[in-house]
Amino acid sequence: MPRIFSGIQPSGELHIGNYLGAVKNWVELQHQHQCFICIVDHHAITQPYEPDAFEQRTLDMAVGLIAAGIDPDKCVLFVQSHVAAHTELAWIFNAVTPIGYLERMTQFKDKSQHQESVLAGLLNYPVLQAADVLLYKADLVPIGEDQIQHVELMREIARKWNAKYCRDFFPEPQAKIGTAKRIRGLDGQAKMSKSLGNTVAMLDEPDEIWEHIRMAQTDPARVTRKDPGTPEKCNVYALHQHFSAPSMVDEVADKCRGAAWGCVDCKRVLADNVAQTFSPMRERAKQLQDDPKALGDTLATGAARAREVADETMAGVREHMGYLIQHAGY
Ligand code: SF4
């Protein structure tokens, strides 16, 4: 089976943007691929974060992924820092990656504008991403369009290392572009993001889901209930397309255009459908949260399975690069 690597930062609970934009796709992919799903905590520390909340956010992300349908028996689900080879290979790749490549990365240019003193970790973030994927010799990397540049860099790093040390050692991974469009935030911003506070958490209780959706921005033309709207201009309608039955999506569009209902009615239906979609996942999450030892064991098993593959790759890397191989005599 083709091998896939996917990473997600430990931002705590999954929100519907994460779910629709990435995780739902991974759940489907796990049936036809060998999937490595990694909670990338080393990546998360390149931006400001709360150390006191970090562990819990990592566990919450693991709960969210499993509750969403990631099956730890089918996939290798693990935490990045539990497999030390990620940072070792990233260091090695730093030695074949021209700094100019990293400075040209669009995400670096965007994010570095928000750092007073730009950190080396932010610059080298794509090198660690390359290590994440190439450590497992993954064939495919499911990504959004904004990540294409990063996969191209991974391929470039693989070519450079292979040219210098061992031809064809690392395969060049291919980007697998998801069909899901980027999910806009409830405030109408281009991106749904926990840091922007414009999300609905997947595991929110129904009344919390309603509280968030109630505040969602709609077509500004609908000032009063009597004003007709354009559903295509409304993010609530876009979300109906993901959470409501096709007949309801048509009904939403008709009622919006004909001013046959108010935005509150429309949002109420959406909130109920979102709550219903995630109801089994909330139940599963509660079971997982009630048994932290089992969750820890699951992550430990995932890390052990990941290390088996990673260790084999690193043994080859060290050998081809001429490192002194450790054995009992040294
Ligand atoms: S009726 Fe629904 S689709 Fe139309 S603007 Fe209001 S919330 Fe949006």
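Begin with glycine 322, which comes just after helix α14 and takes a positive phi of about 85 degrees. Helices here are DSSP runs of H or I with at least four residues, strands are runs of E with at least two, and both are numbered from the N terminus. The model is a predicted one, in which local features need pLDDT of at least 70 and side-chain atom pairs count only at pLDDT 80 or more, while totals for chains, interfaces and linings use all residues. Residues are numbered from 1 along each chain as its sequence is written, and side-chain values use heavy atoms, with hydrogens and water left out.

Colour its buried residues, among them Leu295, Leu299, Ala306, Val309, Thr313, Met314 and Val317. Buried means under 20% relative accessible area, exposed means over 50%, and partly exposed lies in between, with a 1.4 Å probe and protein chains only.

The C-alpha atoms of glutamate 88 and methionine 314 are separated by 8.6 Å, although the two are 226 residues apart along the chain. Glutamate 88 counts as partly exposed because its relative accessible area is 30%.

Next, select the ligand together with the residues around it, which are Thr218, Asp219, Arg222, Cys234, Val236, Tyr237, Cys256, Trp261, Cys263 and Cys266; a residue belongs here if one of its heavy atoms lies within 4 Å of the ligand. The elements that give two or more residues to this shell are α10 (235–243) and α12 (263–277). By class, the shell has 7 nonpolar, 1 polar and 2 charged residues, where Ala, Val, Leu, Ile, Met, Phe, Trp, Tyr, Cys and Pro count as nonpolar, Asp, Glu, Lys and Arg as charged, and the others, Gly among them, as polar.

Stay with α12 and select glutamine 276, which is found in that helix and counts as exposed because its relative accessibility is 58%. Glutamine 276 and phenylalanine 243 are 33 residues apart in sequence and 9.0 Å apart in space, C-alpha to C-alpha.

Two loop residues come next. Most residues other than glycine have a negative phi. Alanine 259, in the loop between α11 (246–257) and α12, has a positive phi near 50 degrees, and at 21% relative accessibility it counts as partly exposed. Aspartate 168, in the loop between α8 (148–165) and β5 (174–177), also has a positive phi, near 65 degrees, and at 63% relative accessibility it counts as exposed.

Finally, zoom out to the whole protein, which has 14 helices and 5 strands. Its C-alpha atoms fill a box of roughly 80 × 45 × 40 Å, taken along the principal axes, and buried residues make up 46% of the 330 residues.
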